[in-house]
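Keep the viewer open as you read.

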Amino acid sequence: MTNVTVLGSGAWGTTFGQILADAGNAVTMWAIEPEIVADIRDNHRNSYRLPVVERLPENMIATGDRAEAVANAEIVVVAIAAQFARVALEEFRGLIPRDALVVSLMKGIERGTGKRMDEVVREALDLPENRFAAVSGPNLSKEIARREPSATVVASTNPYAAARVAQACSTTYFHPFTSTDVIGLELCGSLKNVVALAVGMARGAGYGENTAAMIETRGLAELTSLGKACGADPKTFSGLAGVGDLIATCGSPLSRNYTFGANLGKGMSVEEATKASDGVAEGVATTATVVALGDRLGVPTPLAAAMTHVLEDGISCAQMLSELFGTEITAE
Ligand SMILES: NC(=O)C1=CN([C@@H]2O[C@H](COP(=O)(O)OP(=O)(O)OC[C@H]3O[C@@H](n4cnc5c(N)ncnc54)[C@H](O)[C@@H]3O)[C@@H](O)[C@H]2O)C=CC1
Ligand SMILES: O=C(CO)COP(=O)(O)O
């Protein structure tokens, strides 16, 4: 049994807390929202972010006090909306025990700095690389909350840390694999959200399988070239965190990114789609950062660029797809 604290009690944070509790750990949930803390603590529910679960496990408690939340933690898991991760984690600086591992579940890139979540978490907490791990894979929270079988990848440059975190979240229905490719894992999780926005948009506009397959395949190529230029292992992109997560996210209305895109495709504005979203659609903030990253590395990012025009200039799905094609005929 390990003492694990989860920072952020949204849909995925709470679901991951349930996995950790099912795996036999003592789980403490922390949230910035007092009503969520009270609901988990008093009712064993998170009716705000995860109503699909009738009763959360008994070995899962909650507090809104930062110092109390992490005082005895051996593993600290971070599941906060990516754009708020830095500011939220800076409040925990100096509070987390010196030997605790810190794990990011987040799938996004920080706007302004263009930094991945492994960089943001380590900077905010002043954390050495060997105490960091990231978890990413085809993990739609509502399915896993119902304990449907699924798998994920735990990556750390420290194989001991990856193995320890994988052990802590291994259950009969949730199977973690390990990896040392943190950069690849982070990029897969963040960039697939941009692809899911585009596929959702095409679906919302009424297009079928060919269009979806085209966006997914070209999106994967874009994600892989960017990843390679950043030093990622290309194998990661064909694994669970890459193709696996693309299949899950681009194919399911349970994905907030897919649904956000679908709402745009049906004619909603970005503001309307944001209001309609059931939680954070990380791809919205990540899209422009992908274009900037591509520009910096000299890697073309036509899909992210076309989606930036959707999000910033309101172009239609048909215009987005025609931008994606371009006018030049090239080798695949
Ligand atoms: N929902 C899912 O199926 C999955 C989500 N993820 C990733 O996990 C991360 C969290 O996702 P969800 O829990 O589903 O999102 P959510 O929208 O349900 O919850 C977001 C969380 O961020 C917290 N937050 C926002 N601003 C904050 C601040 N300033 N200080 C402290 N906390 C703050 C909220 O309180 C909430 O707990 C995202 O990066 C997402 O991409 C990864 C895998 C699966
Ligand atoms: O990352 C996810 C599934 O693996 C969840 O996707 P959304 O954030 O789009 O809901």
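Threonine 5 stands opposite threonine 28 in E2. This is a predicted model, and the pairing in question joins strand E1 (residues 3-7) to E2 through five bridges, with the two strands running parallel. Four of the five residues of E1 are buried, so this strand is largely enclosed by the rest of the structure. E2 is mostly covered as well, with four of its five residues buried.

On to the next partner. Strand E2 (residues 26-30) also pairs with E3, again in the parallel sense, over four bridges. Here valine 27 stands opposite methionine 60 in E3.

## The whole sheet

How many strands does the open sheet have, and in what order do they come? There are eight, arranged as E3-E2-E1-E4-E5-E6-E7-E8, and the pairing is mixed. Strand E3 (60-63) and strand E8 (174-179) are the edge strands, each pairing on one side only. On average, neighbouring strands of this sheet are turned by 25° against each other, with direction ignored.

H8 lies across strand E6 (132-136) and strand E7 (150-155), and runs at about 40° to E6.

Is serine 104 buried or exposed? Its relative accessible area is 0%, and with the cut-off for buried at under 20%, serine 104 therefore counts as buried. You will find serine 104 in strand E5 (residues 101-104).

Leaving aside neighbours within four places in sequence, serine 104 is in contact with Val78, Met117, Val121, Phe132, Ala133, Ala134 and Val135. For a distance to check in your viewer, take serine 104 and alanine 85: they are 19 residues apart in sequence, and their C-alpha atoms are 9.8 Å apart in space.

## Helix H8 against H12

Helix H8 (residues 182-204) and helix H12 (residues 256-265) have axes that come within 6 Å and cross at roughly 40°. H8 and H12 are therefore oblique to each other, and their crossing is right-handed.

On the H8 side, the contact is made by Asn193, Ala196, Leu197, Val199, Gly200, Met201, Arg203 and Gly204. H12 contributes Asn257, Tyr258, Phe260, Gly261, Ala262, Leu264 and Gly265. Sorted by class, the contact of H8 with H12 has eight nonpolar, six polar and one charged residues.

## Helix H15 and its partners

Which residues of H14 meet H15? First the geometry: helix H14 (residues 283-297) and helix H15 (residues 302-313) pack at an angle of about 135°, with their axes 9 Å apart. That angle makes H14 oblique to H15, and the crossing of H14 and H15 is left-handed. As for the residues, Val284, Thr287, Ala288, Val290 and Val291 in H14 meet Ala304, Ala305, Met307, Thr308, Leu311 and Glu312 in H15. The residues of this contact divide into eight nonpolar, two polar and one charged.

H15 also packs with helix H9 (residues 209-229): the axes of H9 and H15 come within 8 Å and cross at roughly 115°. That makes H9 roughly perpendicular to H15. The contact brings Ile215, Gly219 and Glu222 in H9 together with Pro302, Leu303 and Ala304 in H15. By class, the contact of H9 with H15 has four nonpolar, one polar and one charged residues.

## Two residues with positive phi

Most residues other than glycine have a negative phi. Histidine 44 has a positive phi of about 55° although it is not a glycine. Histidine 44 sits in the loop between helix H2 (34-43) and E3. With a relative accessible area of 11%, histidine 44 is buried.

Arginine 147 also has a positive phi, near 60°, in a residue other than glycine. Where is arginine 147 found? Its place is the loop between helix H6 (141-145) and E7. Arginine 147 has a relative accessible area of 40% and is partly exposed.

Technical notes
Residues numbered from 1 in each chain as written. Chains lettered and ligands numbered in written order. Predicted model: local features only at pLDDT ≥ 70, side-chain atom pairs only at ≥ 80, totals over all residues. Heavy atoms only, no water. Axes fitted to C-alpha atoms, helices over the stretch in contact; angles between N-to-C directions. Parallel < 35°, antiparallel > 145°, perpendicular 65-115°, else oblique. Left-handed = near helix turned anticlockwise from the far one by under 90°. Contact = heavy atoms within 4.5 Å. Nonpolar A, V, L, I, M, F, W, Y, C, P; charged D, E, K, R; others polar. Buried < 20%, exposed > 50% of the residue type's maximum accessible area, 1.4 Å probe, protein only. Pairing = 2+ DSSP bridges.
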